[in-house]
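Here are some notes to read alongside the model.

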Amino acid sequence: MDVKAAPNGVATIEDRILRITGYYGYYPGYSSQKSTSRSSVTRCKPGANYPSSHSGISRQLSPLSVTEDSSAPIFELQSRGSSGVCGHRVERQNRSGEDGTQTLPENSSQENRSKARCRSCTSMVLKAVWGLLIILSVSSSWVGTTQIVKITYKNFYCPFFMTWFSTNWNIMFFPVYYSGHLATAQEKQSPMKKFRECSRIFGEDGLTLKLFLKRTAPFSILWTLTNYLYLLALKKLTATDVSALFCCNKAFVFLLSWIVLKDRFMGVRIVAAIMAITGIVMMAYADNFHTDSIIGVAFAVGSASTSALYKVLFKMFLGSANFGEAAHFVSTLGFFNLIFISFTPIILYFTKVEHWSSFAALPWGYLCGMAGLWLAFNILVNVGVVLTYPILISIGTVLSVPGNAAVDLLKQEVIFNVVRLAATIIICIGFLLMLLPEEWDEITLRFINSLKEKKSEDHVEDITDSSVHLRTRSRANGTVSIPLA
């Protein structure tokens, strides 16, 4: 079929449209030759040779008079013969095979990474769930202990006997730990072997009589003083005030660690200590410096101070301890209390300082409830360090303040004025400031910088997305951008 060219050198309307729109590879007579080239090109079968395809295409395209600009697409068409098509197919198969061999290790590494991420995410979720349960358990056990003491005081007021009785329950700490070991550990050990392993907290030789008296005696005395002063404060003040004042022990721990252990100085913790002292003064002022109020505040601050001294001395002489060593040590304190401090309540009984009519008249239910919750609190504090983040244990302790406040409001035992409420809030804020890590300023700066980098990356991505969107819209509308040379 002959192509009839128009006076301007364009054969058909389609050729005019292609020339106007600037179609790449356009040459005059393109539309007429397109139909003939389609009919002449046949499909290539694997292993077959078609030498006539080149000549067929070249004979059809040779009569045409073309310019130098249109010669490039013609040569491109001529190079697409049978061998070219089959060659492209073979190259594609080879490339796909090479890509498959390259992507196999990449896919396996990506799967390993995804599995590791899933494991880390599940461990974090489990720690958070355990942390929530520990927070609720710690705060509720401490609130329950404090409120049971207040109820017991209505009919029975013997604070030292109550302290001695509850401390004796610490003997059960190690048996509870060993029961958990038997239930969870794959390689189970005998009680004596586990006891000797955990007794390494006293030294390489384990627990000897000399170390029992030397290391256990001061800590047992501090333990007894802490609990005894806490119970004395509960007689003079409400449970909310005593629990809030006891939270000052964090500030005292920092001050003693800074002085004795030469720990790092932190300005934010000095501010927290000042806030704790301010709260103490405001708590005493809440009742216009009444005698009972001042004495109660002194007892509560004394309890917090002895608790801080206990923790600092433990860190100085014994260092850090795992759960088993802590259970062993607390049980040892219970034995020491039973053996060497039992004479103190006997002396107080015969001197009628703490006297009761008969043992049958003792409120054994309240006493056992108080001692059981106190033991549960000590166990939860040590278990929580293993199962979750240690900071959550401290949060559980400070949450006992609003818990006791809620119970006191329900019992109508406390009237919150502005000064008492402000003192409680200031002490709690100071306690939370003490929980900040030592590198809190560096962590905060890193977090702010990461947020800035993320915002800049998002801004760049938005710009690129908008530019790509504009390009696709321009192509869809038929506009062609011609690059400048």
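1. Does G144 count as buried or exposed? G144 counts as buried, because its relative accessibility is 17% and buried means under 20% relative accessible area, exposed over 50%, partly exposed in between (1.4 Å probe, protein chains only). The residue sits in helix α5 (residues 82–152); helices here are DSSP runs of H or I with at least four residues, strands are runs of E with at least two, and both are numbered from the N terminus. G144 and L373 are 229 residues apart along the chain, yet their C-alpha atoms are separated by 6.9 Å.

2. A word on the ground rules. This is a predicted model, in which local features need pLDDT of at least 70 and side-chain atom pairs count only at pLDDT 80 or more, while totals for chains, interfaces and linings use all residues. Residues are numbered from 1 along each chain as its sequence is written, and side-chain values use heavy atoms, with hydrogens and water left out.

3. Next, confidence. The protein chain has a mean pLDDT (the predictor's confidence in each residue, from 0 to 100) of 75, and 71% of its residues reach 70 or more.

4. The overall fold comes next. The protein chain has 20 helices and zero strands. Of its 485 residues, 37% are buried. Among contacts between residues at least 6 apart in sequence, 78% join residues at least 24 apart.

5. Which residues touch the most other members of the largest nonpolar core? They are F156, F161, M162, L234, L245 and V297, in a core of 57 residues. A nonpolar core is a set of buried Ala, Val, Leu, Ile, Met, Phe, Trp, Tyr and Cys residues joined through side-chain atoms within 4.5 Å. Leaving aside neighbours within four places in sequence, F156 is in contact with F161, M162, W356, L362, P363 and L367. Another core of 20 residues lies apart from the largest one, with W223, Y310, A327 and F329 among them.

6. Now the open space. The largest pocket has a volume of about 1,800 Å³. On a 1 Å grid over the protein atoms alone, a pocket is an open set of points with protein on both sides within 12 Å along at least five of seven lines, a cavity is a set where a 1.4 Å probe fits but cannot get out, and lining residues have an atom within 4 Å of a point. Of the 50 residues lining this pocket, K250, V253, K311, V381 and V385 are the closest to its centre. By class, the lining holds 30 nonpolar, 13 polar and seven charged residues.

7. Helix α11 is worth a look. Its buried residues are N249, A251, F252, V253, F254 and S257, and what covers them includes α10 (239–246), α12 (267–285), α13 and α19. In helix α12 you will find G279, which counts as buried because its relative accessibility is 0%. G279 touches A423, I426 and I427, not counting residues up to four places away in sequence.

8. Finally, two exposed residues. K352 lies in the loop between α15 (343–350) and α16, and counts as exposed at 63% relative accessibility. The phi of K352 is near 60°, a positive value in a residue other than glycine. Most residues other than glycine have a negative phi. V386 is in helix α16 and is exposed, with a relative accessible area of 52%.

Terms used
Points joined across faces, edges and corners; volume = space filled by probe spheres on them. Nonpolar A, V, L, I, M, F, W, Y, C, P; charged D, E, K, R; others polar. Contact = heavy atoms within 4.5 Å.
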